[in-house]
Amino acid sequence: MEKCREKREWGEKVSRLGGMVRIEKVLTDKVAPGWKEKKVQGEEKARGEGKASGEKRSQGKERVSKGGGRGFRRGRGEGQDREEQLSKDQGKGRVDKERVEELGWVEEHGRNKAGKQREEQTPGEKKGRGQGKGRGVGKVWAQDPEKGEARYRTRYQGSSHVARCPAMYPAGPAWPKLRVLRAMWALLAVLLAPGRLWAKEDIQECIWHVVLIKFEAVGEEGRSDRFFDLEPLETLDSVFSLLVDAPTDQNEKYLGFPYYLKINYSCGGESSEAQVRKGHLTGLKPLVLVTFQSPVNFHRWKIEQLQIQMEGAPFRSKERCNAEEVCAMSWYTPMPIKNGSVVMYVDVSSNGLGPFIQNKRFHVNINGFLQKQQDNTLQFTVGNEIFNLIPRYFINVPSRPLWHTVGQTPVLILGGIPDEKSVLLTDTSFTDFFLVELNIDSCWVGSFYCPQASFTATIYDAIATESTLFIRQNQLVYYFTGTYVTLHESNQGSGSWVRVLANECIKKLCPVYAHSNGSEYVMALTTGKREGYVHFGTITVGNYLAILYTIPEFIPDARGLEFLMLLGTESHTTFLMVPKGMFYNQYSNLLYIWGNFLLQSYNYENFIYLADFPKEQSIKYLVNSFRGDMAIVTETEEIWYLLEGSYRMYKLFPSRGWEVHINLQVMHQSSVYTPNETMVTLFYEDTKLYQLVYLMKNQQGQLVKRHVPVEQLLMYQQLSNHYFFERQGSHLTLSFTNFCPFSVMRLRDLPNPQVYSRQERYQARPPRVVEPSGFHSENSLAVYQGLVYYLLCLHSEYHKVDAWRGPGLVRGGPYADPVHDSTWRWSNKKQDQDYYFYLASNSQSPGNVYIDMASYEKIYDLKADYELPERIFLDKGTSYVFSVFLSVGGQSLEFTPERVLTSEELKSTVDLGVVLADPGCIEAVVRQKFLINRNSVLFRVTLSDKRSCFDQGLSGHHLLETSMLLKVAGAVGHCFQNTHQGPRMQGNLMVPVLIGCPPGKRLAFDITYTLQYNRLQNKHYFDCVRVDPEMPCFLFRDVFYPFFLIQDLVTGDSGSFQGSYVLKVVGGGPTLDTIREYSEEEIYRFNSPLDKTHSLIWTTKNTTTTKDSAFNIMSHQSLGIEWLCLENSPCYDTIPHTIFAPEFFFKVLVSNRGVDKSTYCDYQLIFLLHIHGLPLSAKRAFFILMVSSSVFIGLVTLYIIFCLLLPVMVKAWNSLRWKINNIIMSESYYTYTSPSRNCSGTSETRSTVSSRVGSSDSSKVAEANQRAPEQTWKKKPLVT
């Protein structure tokens, strides 16, 4: 279809009124010295590097195509036609009078009087021989070897003349006498130039700068640190202790991260300090979005796509300043760290105020191959750093591929330095880098079984994975594991390089770009006696490769086609096929086999030969963006480009588009382009193509990373290949042919991206400072650190859903919280936010900082940014629906009435196709709607899962990787959209699709609704005596109705689980401290309805069971659970520890694996269930009854006996006491009435008086006793 469209564009009838001039080019071997007009009678198709492999000459006269026109044969190479190189002589670009007169003659005598076409011939016309690689001829060019000038033939109403003009350059010299050509060159230069070349741009180009600094180095200028220290800071307590009246918890221990991100920017023509001050005063604030890359090992770490968005806090430099307020300043944000992630992307954007600054992404990765020495200096653990980049390391050294696990590698490694055991290391994707000499023994062992022709110290193969580096030197293979606490939870890395496969002769290390099953892989190819063995992964197990396809011996003959399906019946050339490598894209299922050819296959059986690649070249390596783009590097350092899903290849370097780009960069005085440069490697980063280039400028070498503008190069080539003259009034104007079938392409009706991209995002703005200038202090930045750390801790704790508490259990969230948000507990402090705001408004905030609770939250409502998400996750039967709007018409800014196209014309003009990598797993439905009044078509695309290619898996585990490719017919290499970041290719959109259980989904016990429903069904609810609000109790004799929630941690949605599940009691104990795990045999006996050992713990009235009838299948409509605790179950005959009824804690496992057909998710939930009121066994109950009865009867008997004998015993006791008192009184009487006669008179007198008194008292007592003898026990005896 694209060919037909090209023919239609070029074959339109020439209007006599329009006065169009078409240009055709050809290269001639010979040019007459007199520069006379020559007739080109034939054209030769040349294939190869400047030599023609065959000739097909076309005899006859030239003519202007009419009506449908005569199609031309599209060439290979740069764009649609293989263009030829122009003259390199820049010093002879003048135009003589003869040439101007020739062109003037064309304008005056373009038509004869009859108005018919006529052909102009001159006697000296000769045949032209094509010298380039192109097979088709769209324009005819000639070159003057003496003047370095190029000629072109113009076709105008039957006249064919050859005019001379200088070789084409982006901005040619002024031609005072040739206004038409001067206008052509000026217009071409304007169209090709990315900005104004003749004046200073109105908007200066500003770029962000981000460096990493230590916590204690904030405010220091010129400081930059490496990312290796991962220990959290514990020095924030003194800062947070001051925040009494603030939404912080004084009982919480706040920690901080060890690094800050220091942010500023610079613009051309003005100093950085002045620009930053200006931006701050105009309200500029950098917005920083940190994205944590998920780890490879999902068995250890939870798979999640996490982001945190922060805002830069302005901080004055600590350097000496003479100004009153500020001289130098920067913005700072914490650099957060997350367990399981070693690769972080930092995206910096503007808040929309101040100068215009383009968004920029930075790679801030953890370097686990650094260690601190005793003198606080850093040293590499893999070797010694070399600070001198010797030119011989790079000049004239072939480029080599950069091998690593895509998207997972924090430190990249690049070898290939000749005769040196040194490599390039980088943790910022070559924004900066280090040259390190490795600490390896460099031994060389050659043998009969492992022949080695020579020894070299060069590190030929180097592969980087998430935490380990692999290298090959000669036939020896080494690896080194870095120190990554966030991955391995230990500080133990490799102390030295470890040699592996010591008994194998390795000739090649090969990378596996994608990880799978929680692991990374490396392949080692052997030679010698074990030739053909391939070692995978741990490089300990060898296997043979299966034969997928037998490559033909010779390169097929495509006969001018873009591609050729290899069926075995095609003819072949005499060029041998020399395969050199393979590449597989797991998303598109495309397998490439390459050498001096390029084959591709979607099913490993049927291969397609791409004929655009010249068989004279040989591919050295290729790189893929895994988003539909692929770049190829040949042995001669040519760069080719291929868009997956198409068969057309484009030569980027060397090419005419590259020359135009280089010339424009020279005009802009770019520092990353020099005439003397060597490409070191080529790689993709964030879907953009980059070069690592060694530049030589003024005898100084420099290694730089620069962007390869693929879209600009393709656009330059298209514009330089397809232009023509069009008469407007009395003069000619330059016009360009637009092969793009549409003028506008937009994506519409995009759903919110988080549902499909599974991207979680938090927001954390800095606390507000009370200082009028708005600058932060070290304490306020420390508060910012602590709050961000605390926010991520809340996220981590909320995601722990595997268990509750007890032996081996961690307190987490199997019980659904009342609010489905990780920050809801902290957000409870919002009730006092008005008070905190009042303090801040009156400058009374503690610590001079005000913490706004609304600034720390999780974002659930991200909107689509008019583009497809980075990836799409599809659960079972789910769909992704969006619309593509295509408009047909001119792109001029001036109003020009256009003809309204009919629906049939629109249908034949634009068409949208969808290419699915796995059509058996996903399907796409496209519905089109014609908007005739707008000359547009709206395509409604529905991408759905077919419920057939995935079983069940844990959240984020073992996902099926596939892709969807949207392709507008005829748009490949033709359609570009101009943006403020440069042109962007349109018409092809490739999106990875991941089928399975999406990350961020979990099953939770809905305790709130369970309590409500159980109270409703059982008509009552009795909690435990000791109430635990986080673990309510359920009564044993009540029917238990459990309910569960499906919580989406990404979108915040929470709904009732409607699927089926199996419930098992997998552990338990009478107390939390005595909970134990049950064995598989015990789990079967305690839960299976088939159990015959009287061991069941529970039962249900549901009759649905698993296929083997081993377990009951439950759902939200089940009839509930009845607790049994039979005699052989662990909860039978539980001994109560108090006077209250026995209790038991059941450890319950809920899983939907194998029984739920509504989702791909294998939900597994373990939680504790507290049951009280358990019954006792019959024997123990009878024993307790007997003992209790006996004790009761005994107590009653004793009570009766006591009540009957009490009066008698009291009377006897009283009588006894009376007698004792009498005896005591009698003895006292006789003792005092018999005094000693030897006593003195005084004593005698006293004794006589005492006796009288005593005698008198005794007589009174005796009389009283005679009157009331029965009451004597109540009176006290007298003691003398």
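Modeller: A residue is called buried under 20% relative accessible area, exposed over 50%, and partly exposed in between (1.4 Å probe, protein chains only). The model is predicted, so local features need pLDDT of at least 70 and side-chain atom pairs count only at pLDDT 80 or more, whereas totals for chains, interfaces and linings use all residues. Residues are numbered from 1 along each chain as its sequence is written, and side-chain values use heavy atoms, with hydrogens and water left out.

Biologist: What makes C206 and C267 a disulfide?

Modeller: Their sulfur atoms are 1.7 Å apart, and a disulfide is a pair of cysteine sulfur atoms within 2.5 Å. The pair C206 and C267 therefore qualifies. With 110° about the S-S bond, this link is right-handed. C206 belongs to strand 5 (residues 206-214) and C267 to strand 6 (residues 259-267), so the bond ties together parts that are 61 residues apart in sequence. Strands (E, at least two residues) and helices (H or I, at least four) are DSSP runs, numbered from the N terminus. Both C206 and C267 are buried.

Biologist: How many disulfides does a search of the whole structure find?

Modeller: The search finds six. Another of them joins C740 to C975, with 2.0 Å between the sulfur atoms.

Biologist: Why is the disulfide of C740 and C975 called right-handed?

Modeller: The torsion about its S-S bond is about 105°, so the disulfide of C740 and C975 is right-handed. C740 lies in the loop between strand 43 (731-736) and strand 44 (744-748), and C975 in the loop between strand 54 (960-968) and strand 55 (976-979), so the pair connects parts that are 235 residues apart in sequence. C740 and C975 are buried as well.

Biologist: Which hand does the link of C1024 and C1033 have?

Modeller: At -105° about the S-S bond, the link of C1024 and C1033 is left-handed. Its S to S distance is 1.8 Å, and both cysteines are buried.

Biologist: Why are C793 and C1203 called partly exposed?

Modeller: C793 has a relative accessible area of 27% and C1203 one of 38%. Both values fall in the partly exposed range, so the term applies to C793 and to C1203.

Biologist: Why does L1205 count as partly exposed?

Modeller: L1205 has 45% relative accessibility, so it counts as partly exposed. L1205 is found in helix 16 (residues 1178-1232).

Biologist: Which residues form a nonpolar patch on the surface?

Modeller: F1192, I1193, V1196, Y1199, I1200, I1201, L1204, L1205 and M1209 form this patch, with about 950 Å² of accessible area together.

Technical notes
Patch = residues over 30% accessible without salt bridge, like charges linked within 9 Å, V, L, I, M, F, W, Y side chains within 5 Å. Areas by Shrake-Rupley, 256 points an atom, 1.4 Å probe, with all protein chains shown as cover. Salt bridge = Lys/Arg side-chain N within 4 Å of Asp/Glu carboxyl O.
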